[in-house]
Every structure is written in C-alpha cells, then in structure tokens.
Amino acid sequence: MNNSWTIDRILEVYNKPLMALIFEAAQTHRKHHNPLEVQISTLLSIKTGGCSEDCGYCPQAARYHTDIESNDLMSVSQVKAQALRAKANGSSRLCMGAAWRNIQNNEEFDQVLEMVKTVNGLDMEVCCTLGMMTEEQAQRLADAGLYAYNHNLDTSEEHYKEIISTREYDDRIKTIENASKAGISVCSGGIIGMGESAEDRCKMLLTLANMSPQPKSVPINALVAVEGTPLEDQETISIWEMVRMVATTRIVMPESVVRLSAGRTEMSDEGQALCFMAGASSIFAGDKLLTTPNPDINQDMKLFNTLGITPKAPFVDGDQPITNDNYKKCLSTKGNVKWKRPTHTIERNEKAKEKAKALRN
Ligand code: SAM
Ligand code: DTB
Ligand code: SF4
C-alpha cells in the first residue's frame with residue numbers, strides 16, 4: 001500500500017489519456033480484487049430530513065426548501081424488515097443513514113445500537129452514517145456489532161468551505177479517526193460535480209490515500225442536483241469524468257472497495273460497465289438512495305448478468321463483528337449520559353474476533 005502520494009503524482013495519474021488510465025486501473029484492480037465480483041450495499045434512511053447543517057448538496061438540510069418527506073427515527077422492527085428485504089435482493093451490506101449533524105447520547109442512539117445489533121445478527125455487514133461521532137460513541141457502535149462507518153470528506157479542504165459552513169474539514173477527519181480507533185472499517189469518499197476543479201478532486205484523494213490505514217471503502221458520488229438546494233443548477237457530470245475519478249481512486253487506493261454511488265440513474269449501462277472495468281467494485285442498490293431515486297434492482301441484476309458479474313458475499317474482506325454486551329452497559333438517561341467502559345479492554349475485542357473465526361470454521 002502506498003501512503004506517500006503527492007498531489008503532483010495523483011494529478012499525473014488523473015490527467016493520463018483516458019484509455020491508458022482505464023487500462024492501468026483495470027490492471028491494478030485485477031491484482032487486488034476479483035473483477036467479476038461487485039459488492040452490493042443497500043441504503044436505508046432511518047431518520048430523514050430536518051437536519052441543522054447547511055451542506056449545499058443535501059436535500060435533507062432543514063434550511064433548504066426541498067420536496068422530501070421528513071421522518072422520525074424508524075423502529076428496530078422496521079429496520080429489520082428492510083434489512084431482510086435487502087438481503088433477499090443480494091445485498092451483503094446495509095448502510096443506515098440519519099440526517100443528523102452528530103450522534104447524541106440519547107435514547108435515539110440506544111435505538112440505533114439495537115438496530116446495529118439486529119442487522120449484524122442477520123449476518124449482514126452493518127454500516128452507519130450518522131454524522132460526527134466521538135471515540136466513545138464509535139466504541140459503543142463497534143460493541144453493538146457495527147462493521148463500517150461512512151463519513152465522507154466530500155471534496156478538498158479548500159472547496160469544502162464553499163459547500164458547508166456549519167462545520168470544519170478537521171471535524172470530518174476526527175470522526176474518521178474515531179471510527180478507525182474503535183476498529184470500525186472506514187468508508188469515506190466524496191462527491192464530484194459540485195463546481196470543484198480537477199485539483200480539488202485529486203486533493204481529496206490525496207487526503208484519503210495518505211490516511212493510515214487507507215479507507216476500506218471509498219464511495220464516489222456524482223452530485224444529484226436537487227431542486228431547492230444551493231447546488232440545484234449544477235450540470236450533471238459527464239460519464240467520462242466519473243470513469244476518470246473511479247480509475248484514479250482505484251490506482252491510488254488499490255486495496256479499497258471503490259463504490260459507484262449516487263448518480264447512477266443518469267449513467268448508461270455502458271458507462272457503468274466502464275466504471276466497473278476501471279475498478280469500481282461496489283454499488284448502492286435499491287430503488288432509492290436516501291431520498292433520491294436509484295436504478296431498480298432488476299435493472300442492476302440484468303446488467304450484472306450481461307457483464308458476468310456476481311454479487312460479493314458478506315465478510316470477505318473482514319471478520320463479522322461479535323456483539324459485545326458492553327454496548328448497552330450505559331443506557332442513556334435523557335441526554336445526560338456518562339459512558340464508562342471500566343471493564344473494556346482491547347484483548348476483549350481480540351477474543352471476540354477469535355471466537356467469530358472459530359464459529360465460522
Ligand atoms: N448526516 C450524515 C453526514 O452528513 O455525514 C450522514 C448522511 S449524508 C446524506 C451522507 C453523504 O451523502 C454526504 O456526506 C454526501 O457525500 C452524500 N450526499 C448527500 N446528498 C447528496 C447529493 N445530493 N448528491 C450526492 N451525494 C450526496
Ligand atoms: C455515500 O457516499 N453516498 C450515499 C451514502 N454514502 C450515505 C448517500 C447518497 C445520497 C444521495 C442523495 C439522497 O438520496 O438524499
Ligand atoms: Fe445534514 Fe448530513 Fe445532509 Fe449535511 S449531509 S445536511 S449533515 S444530513
């Protein structure tokens with residue numbers, strides 16, 4: 001793994017003639033992954049809309065007037081039903097998203113922990129994207145059985161200031177570090193098509209590629225320009241730019257799963273096939289992302305069949321977490337939580353891992 005990328009080297013890769021770039025990315029892809037397997041994740045918006053932040057791309061920010069239906073936190077049984085549906089449709093991962101600025105230590109977080117435990121119990125990889133989180137909150141999620149945490153850098157540090165004013169780039173990095181420290185697989189990427197330059201895209205990749213370890217998955221989203229948001233008039237990104245971004249991501253983070261994320265409804269089958277060739281190894285499936293449309297699962301399966309691609313099984317790249325009852329040792333008391341882990345040790349996690357391995361063998 002190369003953690004000493006420079007902006008010049010990444011720009012050099014990004015600016016290669018497209019056919020040469022795709023070829024190099026495809027070769028890198030084959031060295032580290034089975035090119036005929038693509039991981040399928042299903043997104044589930046467990047709490048929709050009404051968010052306090054001002055992310056310029058986001059239809060869920062309360063301050064923008066978008067046509068979305070806001071919803072309170074789902075129940076654990078609703079989540080379980082959706083997870084079973086996703087699993088039956090070939091998804092190995094459920095990614096639960098909440099329109100929160102950050103996690104708060106309250107009953108809603110306790111409910112999310114129960115959701116994590118429940119979905120992990122269905123033998124699916126569980127991912128959450130709940131906004132900023134502290135190290136303790138990350139540990140509680142890990143103890144409940146969380147496999148991955150999604151927290152995107154979105155763009156370069158410079159361009160970030162044009163898109164979001166209610167929090168800092170460093171806050172994002174801190175949350176990613178907190179997930180990593182708790183042993184959670186990091187999922188972090190960004191969005192293209194928000195008026196950024198090629199250099200902004202490459203700077204974002206530089207920050208991700210020089211993380212240690214590099215993120216295990218890197219979602220590349222094309223902006224879905226939603227009416228009512230500040231970015232509503234942005235032009236749809238060309239497929240060539242998407243292929244270029246996917247290929248560069250693949251080369252600078254060879255072992256990561258590169259997820260072809262938002263924006264697929266605007267891409268042709270041929271365009272998506274080029275993205276898979278250039279190293280994309282995961283998609284979000286299901287007819288809805290969080291609030292915007294996504295291709296129908298039957299359409300995706302037809303494309304997989306045409307291309308000879310099969311869905312990847314869960315836990316190929318990492319062990320299934322074992323739910324450790326530490327996660328509920330401190331149930332919240334109306335926003336006034338004292339989270340203590342007097343008995344928690346790293347060894348305990350190692351033991352849990354060994355137990356998981358033994359169970360599988
Ligand atoms: N509230 C949490 C947060 O901001 O981290 C989690 C949910 S948020 C919707 C997750 C990610 O979705 C964002 O970081 C952004 O990268 C992506 N996203 C949101 N709206 C989008 C849009 N209109 N087009 C493309 N990606 C989008
Ligand atoms: C990510 O990188 N993309 C997903 C997921 N992580 C949470 C979200 C895409 C959201 C697109 C806009 C919407 O549907 O609201
Ligand atoms: Fe809120 Fe997340 Fe949307 Fe930003 S991206 S407005 S934090 S839901």
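Reply:

Valine 252 is found in helix α9, which covers residues 239–252. The model discussed here is a predicted one, and what follows should be read with that in mind.

Valine 252 has 24 other C-beta atoms within 10 Å, and because the cut-off for a buried residue is 20 or more, it counts as buried. Leaving aside residues up to four places away in sequence, the contacts of valine 252 are with Trp5, Ile10, Val13, Leu205 and Ala209. For a sense of distance across the model, valine 252 may be set against lysine 47: the two are 205 residues apart in sequence, and their C-alpha atoms lie 34 Å apart in space.

Taken along the principal axes, the box filled by the C-alpha atoms is roughly 55 × 50 × 40 Å. Of the 361 residues, 47% count as buried, and valine 252 is one of the buried residues. Among contacts in the protein with a separation of 6 or more, 80% are accounted for by residues 24 or more positions apart.

Another part of the fold shows how two helices meet: the axes of helix α4 (residues 107–120) and helix α5 (residues 135–144) come within 8 Å and cross at roughly 35°. On the α4 side the residues involved are Leu113, Val116 and Lys117, and they meet Arg140, Leu141 and Ala144 of α5. By class, the residues of this contact divide into 4 nonpolar and 2 charged, with no polar residue.

As for the ligands, ligand 1 is surrounded by 17 residues, of which the closest are Thr129, Asn152, Asn221, Val224 and Ala262. The shell around ligand 1 comprises 10 nonpolar, 6 polar and 1 charged residues. Around ligand 3 lie Cys51, Glu53, Cys55, Cys58, Gln60, Ala61, Ala99, Arg101 and Gly131, and this shell divides into 5 nonpolar, 2 polar and 2 charged residues.

To return to the residue in question, valine 252 belongs to helix α9, is buried in the predicted model, and touches residues that include Trp5 and Leu205.

Conventions: Residues are numbered from 1 along each chain as its sequence is written. Chains are lettered from A and ligands numbered from 1 in the order in which they are written. This is a predicted model: local features need pLDDT of at least 70, side-chain atom pairs count only at pLDDT 80 or more; totals for chains, interfaces and linings use all residues. A residue is near a molecule or strand if its C-beta atom, placed from the backbone, lies within 6 Å of it. Ala, Val, Leu, Ile, Met, Phe, Trp, Tyr, Cys and Pro count as nonpolar, Asp, Glu, Lys and Arg as charged, and the others, Gly among them, as polar. Helices (H or I, at least four residues) and strands (E, at least two) are DSSP runs, numbered from the N terminus. A residue is buried if 20 or more other C-beta atoms lie within 10 Å of its own, exposed if 12 or fewer, and partly exposed in between; C-beta atoms are placed from the backbone. Two residues are in contact if their C-beta atoms, placed from the backbone, lie within 7 Å. Axes are lines fitted to C-alpha atoms, for helices over the stretch in contact, and angles run from 0 to 180 degrees between N-to-C directions.
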